[in-house]
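Work through the exercises below with the structure open. Try each task before reading its solution.

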Amino acid sequence: MPDWRNILVAMTITVILMMTLTGCGGTPEPTSTPTPTPTSEPTPEPSSTAQELSGKIAGINPAEQAAFPELLGALQGLDKAQGEGAITEEEGKELEDDLSGKFSDFIKNRIDEINPAEQDALADFFKLQAVQELSEYERLIDPETHDYKEEQMGEKFNEWVRNRVDEIDPTDPNSLSEFFNLQRIQWTDKYDEFATPETHEYKEEQMKQKFNEFIENRVNELDPNDPNFLEELEKLRVLQLSDKYDRLCTKLMHDWKVKEVKKKFGQYVTNLVDNLNPLLPNFMEDLGKLTGLQNSDIYQELCPEAVKEYKEEQLIIKLAKAPGEIPSVIGTLPLDEQTDVLVSQPILIAFDQPMIPPSVEVAIE
C-alpha cells in the first residue's frame, strides 16, 4: 500500500510550485496582444487644374498695384474650376485660402503706400473705397486686414486733410481753387466716414482765417492803373456770389472790401476820364470804353457819386462847344470806313454838344 504521508508531501510541494509560478492571486495574467498599426493611404496627387491655379496664385506679387486684375482673374478661374468639377472641394478651399492671403497682402501694401503729404493721395483713398465695395473684397479679405485698413485709412485721411489746409497760401491768387477743392471733399462719404470732429473743426477754423486773408490780399492787389483791373475786379465779384464767401467771409472783412473796391473803381473811372483827349487818334476808343462801362451794372454798383459827377463835368469841358452853336459830330465808333465790324457791335456817335437822344436817333440813317 502506498505511503499516504509521502503522497501528502508530494501534493504539498506541487501546490507550492503552482502558487509560485502563477503568483499569489492564483490566476494567471492574460497576455496582451500588440495592436497592429493601421496602414495610411497615400495622399492623392492634386489635379492638374488645381496645380495650374496654385501656380498662378503663387506667381501674383501683392506688392505691385497691377496685381489686382490678376487676383480677380485667379478668383474667376477658381470659380470656373469649381463649377465644372475640375477640382475637389478640399482643393478649392485650399486655393481660396491662398488667394485670400495674397489679396489681404495686396490691400495692406496699398494702404502702406498712401502718403498723406501728397495731394494726389486722395485718389488712393477712393480707389481703396471702390475695391471695398466689390463682392470679391468681402469674400477674400481677412478680418484682421480689414480692421488694419479702417484704422490706417482713418489716421491717414485726417492727416491728409490737415496737410491740405496747411498748404493753402492766402498770398497766392491761385490758391482759391484749394478752398473749393476742400469744400468738395467735405461733401463726400469718405469725409463723413473718416474725418474726426477735431480735424473738421481745425479745417473750418483755418479755412475761415485763410479765406479772409485771401480776400484782403486780392483787394490790396487791385491796381486802378492796371489794364486788367476790370478782370481782377470781376473775379472778386464772382467770388462774392459763392456760398464759400457767405460761409467764410466775416462781416468786417466784407464791409472793408466793399469800401476799398469802390474807392479803387472810382479811381479807375477817373483815370479813364482824365486820359480822354479829343486830339489823340484813339480818342473814340477811349470814349467808347468809358461809355460802355457807364452802361454796366458794375458802374452803377461801385462808382461813387462824386466820381460820376466829375465824369459829366469833364466830358462837357473836353467835348462841348459854347451853347447855341450848331452841333457837329466829333467822332464815331466804329471809325469811319472801318471794316470787319461785328453786326452786334454798338455804334457810338460823339457830338460836341449835349444832345436829346430820341431826336438824334430819328435823324440818323
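Buried means under 20% relative accessible area, exposed means over 50%, and partly exposed lies in between. The model is predicted.

**Exercise 1. Which residues of helix α14 are buried, and what is the span of the helix?**

Step 1. Apply the cut-off of under 20%. In α14, Phe283, Met284, Asp286, Leu287, Gly288, Leu290 and Leu293 are buried.

Step 2. Check the span. Helix α14 covers residues 283–294, 12 residues in all. From first C-alpha to last it reaches 16 Å, close to the 16 Å expected at 1.5 Å a residue.

**Exercise 2. Judge how far the model can be read, using its pLDDT.**

Step 1. Start with the whole protein. Its mean pLDDT is 86, and 82% of the residues reach 70 or more.

Step 2. Draw the conclusion. Where pLDDT is low, the predicted coordinates should not be read in detail.

**Exercise 3. Describe the protein as a whole: its helices and strands, its burial and its surface.**

Step 1. Count the elements. The protein has 17 helices and 2 strands.

Step 2. Take the burial. Of the 365 residues, 34% are buried.

Step 3. Take the surface. The accessible surface comes to about 23,500 Å², and 55% of that belongs to carbon and sulfur atoms.

Step 4. Take the contacts. Among those between residues at least 6 apart in sequence, 72% join residues at least 24 apart.

**Exercise 4. Which residues have the most contacts inside the largest nonpolar core?**

Step 1. Size the core. The largest nonpolar core has 74 residues.

Step 2. Name the residues. Those with the most contacts inside it are Phe103, Ile107, Phe157, Ile215, Phe265 and Val269.

Step 3. Find the main contributor. Helix α3 (residues 67–84) supplies the largest share of this core, 8 residues.

Step 4. Setting aside residues up to four places away in sequence, Ile215 touches Leu236, Leu239, Tyr245, Met253 and Lys257.

**Exercise 5. Why do the buried residues of helix α11 line one face?**

Step 1. Check the helix. Helix α11 (residues 229–240) has 12 residues, which should span 16 Å at 1.5 Å a residue. The end C-alpha atoms are 17 Å apart, which agrees.

Step 2. List the buried residues. They are Phe229, Leu233, Leu236 and Leu239.

Step 3. Look down the axis. The buried residues of α11 fall within an arc of 120 degrees, so they line one face of the helix. An α-helix has 3.6 residues a turn, so residues three or four places apart point the same way.

Step 4. Check the other side. There, Glu231 and Lys235 are exposed.

Step 5. Find the cover. The buried residues of α11 are covered by elements including α8 (176–186), α10 (197–221), α12 (243–248), α13 (251–274) and α15 (297–302).

**Exercise 6. What do the buried residues of helix α4 pack against?**

Step 1. Place the helix. Helix α4 (residues 89–113) has 25 residues and reaches 36 Å between its first and last C-alpha, close to the 36 Å expected.

Step 2. Pick out buried residues. Among them are Glu91, Ser100, Phe103, Ile107 and Arg110.

Step 3. Name the partners. The buried residues of α4 pack against α2 (48–58), α3, α5 (121–132), α6 (135–140) and α7 (143–167).

**Exercise 7. Classify Lys210, Glu213 and Thr270 as buried or partly exposed.**

Step 1. Lys210 lies in helix α10. Lys210 is buried because its relative accessible area is 11%, under the 20% cut-off. Beyond four places in sequence, Lys210 touches Val165, Asp166, Glu167, Ile168, Pro170 and Phe179.

Step 2. Glu213 is also in helix α10. At 32% relative accessibility, Glu213 counts as partly exposed. Its C-alpha is 5.8 Å from that of Pro170, 43 residues apart along the chain.

Step 3. Thr270 lies in helix α13. Its relative accessible area is 16%, so Thr270 is buried. Leaving aside neighbours within four places in sequence, Thr270 is in contact with Val307 and Tyr310.

Technical notes
Residues numbered from 1 in each chain as written. Predicted model: local features only at pLDDT ≥ 70, side-chain atom pairs only at ≥ 80, totals over all residues. Heavy atoms only, no water. Helix = DSSP H or I, 4+ residues; strand = E, 2+ residues; numbered from the N terminus. Expected span 1.5 Å × (residues − 1). Buried < 20%, exposed > 50% of the residue type's maximum accessible area, 1.4 Å probe, protein only. Arc of directions from axis to C-beta. Contact = heavy atoms within 4.5 Å. Areas by Shrake-Rupley, 256 points an atom, 1.4 Å probe, with all protein chains shown as cover. Core = buried A, V, L, I, M, F, W, Y, C linked by side-chain atoms within 4.5 Å. pLDDT = per-residue confidence, 0-100.
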